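Please open the model in the viewer and follow the selections below in order.

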Amino acid sequence: MKAAQPNAPPSRIVDDLDMASALDDLGLEMSALDQELERAERTGTGLEALWQVPPDLEDRIARGVRQRLRNRQTAWMVADLIGLPFSTARVIIEPDQGSPRA
Amino acid sequence: MTRDQAAKVAPLDPGADAVAEIVNEHGRAMYRVAIAVVRDSALAEDVVQEATITAWLKLDSFRGDGSFRGWLLRIVHNTAVSMVRSSRERPWDPEWIPPGTAPSAERQVVAAIELDAAIRTFARLDPLSRTIMALREGEGLTYDEIAEVLGVTIGQVKIRLLRARRRLAAAVERGEP
């Protein structure tokens with residue numbers, strides 16, 4: 001079995017940003033980046049509304065997590081009982097898992 | 001999920017254990033990162049739920065010498081990106097506006113136009129830039145912390161942030177995305 005990497009989440013983020021081109025597009029030298037960013041950050045973006053979270057978010061998440069874990073437990077029991085692969089049993093029990101919402 | 005992990009699920013009581021702690025301590029930050037990527041409140045909640053389970057199952061792999069929040073938010077970002085990829089057949093709604101931010105009669109017309117322009121421009125940024133904005137504006141993380149959460153360089157964080165802010169400022173000035 002492959003050993004887990006300490007502090008490593010499931011997959012890596014790849015940022016393909018070409019720093020030189022991006023700086024060029026912004027019309028900046030690297031040395032001016034901090035100053036320009038500081039200046040830009042003094043102006044608000046008006047996006048405050050975006051960072052609001054729904055009321056009772058924590059309760060809803062906790063309920064959702066409990067349900068998902070119950071579903072997984074059931075999927076494992078089904079897989080064990082009738083010899084299905086776990087992934088197949090899970091799709092049967094959680095048909096919406098990973099699929100887009102209507 | 002491995003068989004060992006499945007066994008771990010069995011005795012779970014999420015009301016009084018690490019899962020509840022993760023949700024209560026970090027749920028809001030996780031949601032802000034998720035919605036920045038997926039742009040859909042219901043899907044963002046799905047992302048947070050999945051990421052919470054992933055983090056809980058992988059708690060043993062967290063060494064504890066880094067930031068737990070950083071480790072957790074990175075899992076959220078990865079989960080959100082994966083979920084967006086898996087639902088690629090459904091095109092993102094370019095007109096998506098977060099709940100509660102649609103123009104209302106009470107709002108001043110000019111402010112409404114600016115807000116709409118900012119939000120629509122934000123929604124059109126790439127997912128990584130949106131996440132960087134969410135971590136900076138929504139969570140108040142430093143550039144160093146954002147770089148740690150996302151596993152990118154500080155320079156990349158700064159450039160994406162500046163580029164995003166310039167686009168937003170230009171959109172607000174024009175009154176359109």
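Select Ala34(B) first: leaving aside residues up to four places away in sequence, Ala34(B) touches Ala44(B), Val47(B), Val48(B), Val76(B) and Ala80(B). Contact here requires C-beta atoms, placed from the backbone, within 7 Å. This is a predicted model, in which local features need pLDDT of at least 70 and side-chain atom pairs count only at pLDDT 80 or more, while totals for chains, interfaces and linings use all residues. Residues are numbered from 1 along each chain as its sequence is written, and chains are lettered from A, and ligands numbered from 1, in the order in which they are written.

Together with Ala34(B), Val47(B), Val48(B) and Val76(B), they touch the most other members of the largest nonpolar core, which has 54 residues. Such a core is a set of buried Ala, Val, Leu, Ile, Met, Phe, Trp, Tyr and Cys residues joined through C-beta atoms within 7 Å; buried means that 20 or more other C-beta atoms lie within 10 Å of the residue's own.

Now colour helix H2 of chain B, the source of the largest share of this core, twelve residues. The core also draws at least three residues from each of domain 1 (11-90) and domain 2 (102-177) of chain B; these bounds come from an automatic or database domain assignment.

Finally, display both domains of chain B. Their contact takes 13 residues from domain 1 and 14 residues from domain 2. On the domain 1 side, helix H2 (18-38) and helix H4 (68-86) each supply at least two residues, and H4(B) gives the largest share, six residues. Helices are DSSP runs (H or I, at least four residues), numbered from the N terminus.

Definitions and conventions:
Two residues are in contact if their C-beta atoms, placed from the backbone, lie within 7 Å. A residue is buried if 20 or more other C-beta atoms lie within 10 Å of its own, exposed if 12 or fewer, and partly exposed in between; C-beta atoms are placed from the backbone.
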